[in-house]
Amino acid sequence: MSADRSDDEAPSAAAADPESLPDTSLSFGDEPLLSASDVAVSFDDVDVVSGVDLRVEPGSLVGLVGPNGAGKTTVLRAVTGAVEPDAGTVRIGGERASSLSPREVGRRVASVPQTTNLAFDFPVRHVVEMGRTPHLGRLDAHGVEDDDAVNAAMTAADVERLADRSITAVSGGERQRVLLARALAQAAPLLLLDEPTASLDVNHAVETLELVREFVDDGERGAIAAIHDLDAAARYCDEVVVLANGGVRAAGPPESVLSASAVGAAFDAEAFVGRNPATGTPAVTAFPHSDVEPRRVHVIGTGRPAARVVARLAAAGHEPSVGVIPEGDAAAGAAADAGATAVTAPPFEGPTPETTAAARDLAAEADATLAVGTAGGESVIAGGPKAGGPNADVAAAADRLVPVPADVDDAKLLDAVGAAAATADRG
């Protein structure tokens, strides 16, 4: 799941080598690192989450996604014992979390909170050393093993240069990496992260998630993270748990869970889920609600402009089709992601009469046909509905042909569909 990097972007050797991370001596056999069954949490009379089931197995990264207020942080706090569930059971390594002492929990679970209340003037290295507390007796001093764990963790999180700086004098992003280093130094087999990239720049956000992946990829350790960025969750997580409306709405591999319908229902938005060409993982684009009546819309056009139109129509709930277009065209990819029909022909070859007839039928049956990439009513797309072009016949078959420019904005696009469909209703 790791992304390819150039040499200039590569992290430090320690961060790139999971064997250099502080190791854990704990093993739970066949038991999952974490299991939650029918967990419910409320504050006063307000139910936050209920019926929450999830598991974290060794070697896996589980992402918690959902809108603000869905209960992601509450679930993580319930796992560590910071919040007592009103119902249900949380087990860590097969043992009920409620039966474990704070020290025992600390040796099993390391947390990276979203915020911290560290206001004392501790040097950064001392903050990271706090991660070793569960491994020390009340009067124990740090030994060689503890120092090695702290050094490895600071190198992995790229904070060794901050070692002597006060924790109150570092930026929010640097502080977040210090907290990650503290958790790595703790050498627990389960890592919990609450919005671990929220304060980080793009480079450190990617490196942090790469590091978490490396943490779990040894097969002995696991992690669960609350993540706002759905694309990042799809890219790095083995499983995604969608929290919304007080419970788990979907759980499973990102490819099956991050569907347009699931994302739209959870986040109360219109969504298009495509495929990231660089990573091959789902890419989610959300739009505001358009409140349109679903229609059958045929699209004439090629390339990115037509692909964008197909995606926006699908997100709004319309049933788009597209063609005739070359095989492998961007619009064909968007149609495939949307589950829409695309009429294609081999590149650099004219479509067969049967292919053209199929596209004509789609245009004739549509409530509206959009000719994408037009100026003054004339197509500017090669192969578009010009006289003699293959799509001229397709355009001629449409009862309601609407020219739209390649850079048409969302509102005007949807308005054009609505106006054409209203004409069809009156007819």
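**Cavity and cores in a predicted model**

Good morning. I begin with the second largest cavity, whose lining is formed by Ala36, Val39, Val41, Val49, Val52, Thr74, Val75, Ala78, Val79 and Val90. The structure shown above is a predicted model.

In terms of class, nine lining residues are nonpolar and one is polar, while none is charged. The space inside the second largest cavity is about 50 Å³.

In soluble globular proteins, nonpolar side chains tend to be buried together. Here the largest nonpolar core comprises 51 residues, and those with the most contacts inside it are Leu61, Val124, Val128, Leu184, Leu191, Leu193 and Val240. Helix α6 (residues 172-185) supplies the largest share of this core, namely seven residues. Another core, of 31 residues, lies apart from the largest one and includes Leu34, Val62, Leu100 and Val105.

What does Leu191 touch, leaving aside residues up to four places away in sequence? Its partners include Ala110, Val112, Leu180, Phe215 and Ile224.

Finally, a word on confidence. The mean pLDDT of the protein is 85, and 88% of its residues reach 70 or more. Over residues 1-19, however, pLDDT stays under 50, and the model has 28 contacts beyond four places in sequence for this stretch. Residues 375-388 also have pLDDT below 50, with 25 contacts in the model beyond near neighbours in sequence. Thank you.

Technical notes
Residues numbered from 1 in each chain as written. Predicted model: local features only at pLDDT ≥ 70, side-chain atom pairs only at ≥ 80, totals over all residues. Heavy atoms only, no water. Core = buried A, V, L, I, M, F, W, Y, C linked by side-chain atoms within 4.5 Å. Buried < 20%, exposed > 50% of the residue type's maximum accessible area, 1.4 Å probe, protein only. Helix = DSSP H or I, 4+ residues; strand = E, 2+ residues; numbered from the N terminus. Contact = heavy atoms within 4.5 Å. pLDDT = per-residue confidence, 0-100. 1 Å grid on protein atoms, 1.4 Å probe; cavity = no way out; pocket = protein on both sides within 12 Å on 5 of 7 lines; lining within 4 Å. Points joined across faces, edges and corners; volume = space filled by probe spheres on them. Nonpolar A, V, L, I, M, F, W, Y, C, P; charged D, E, K, R; others polar.
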